[in-house]
Amino acid sequence: MIVNVSKIIKVPDSIMELSFEEKIDFIESSFGKIKLLKPIHFTGKMVNDGKALCLNGFLSTVLELYCDRCTKPVETSLSINIKEKFSSESIDEEEIHKVNSGSEIDLTPMFIDAILLNIPMKTVCDTQCKGLCPQCGQNLNEGTCDCKDSNIDPRFTVLRTFFKDSE
Ligand SMILES: [Zn+2]
Ligand SMILES: [Zn+2]
């Protein structure tokens, strides 16, 4: 989304209201492509505070993430507060983005960065999700399998203790 700030960039205390949607199908992350199920929606304002342009608003979208336990797709809504500063002059502050001479700002890259930073560390389809059998891959929410895990089965623990005692 490209915003033209020519009307407010030279007028201190001027405000520009922003509200728009932008459809993006996928974003690239370090662990692969992430599908966006809804357009990025943004509402907020750009305020010229006399020194810089301050963008403040809310971004929302819905991502398709995958359950960490069973790999099922999970619709994940995000709502992110966006705060950014822009200036047409080169100000020696890391936080301030430079506005090009045409007074246009492309907000999309910073929206994508904000989404990537706000992806939850853990995704589960349900807190009760039983996950997949580590041996055969059976989705344990949908059914059981015949794999035996000797580390977990209590009967084996009892037998082991029995043999130890009789030695
Ligand atoms: Zn799951
Ligand atoms: Zn199994």
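Q: Why is Leu-107 called buried?
A: A residue counts as buried if 20 or more other C-beta atoms lie within 10 Å of its own, as exposed if 12 or fewer do, and as partly exposed in between, with C-beta atoms placed from the backbone. Leu-107 has 25 other C-beta atoms within 10 Å, so Leu-107 is buried. This is a predicted model, in which local features need pLDDT of at least 70, side-chain atom pairs count only at pLDDT 80 or more, and totals for chains, interfaces and linings use all residues. Residues are numbered from 1 along each chain as its sequence is written, while chains are lettered from A and ligands numbered from 1 in the order in which they are written.

Q: What does Leu-107 touch, not counting residues up to four places away in sequence?
A: Contact requires C-beta atoms, placed from the backbone, within 7 Å. On that basis Leu-107 touches Met-1 and Val-3. Met-1 is 106 residues away along the chain, yet the two C-alpha atoms are separated by 5.5 Å.

Q: What makes β3 and β4 a pair?
A: Strands (DSSP runs of E, at least two residues, numbered from the N terminus) pair if DSSP finds at least two bridges between them. β3 (residues 26-29) and β4 (residues 32-36) are joined by 4 bridges and run antiparallel. Ser-29 has Gly-32 as its bridge partner, and a hairpin of 2 residues joins the strands.

Q: How do you know that β4 and β6 pair?
A: They share 2 bridges, in the antiparallel sense. Lys-35 stands opposite Glu-64 in β6.

Note on methods. Contact = placed C-beta atoms within 7 Å.
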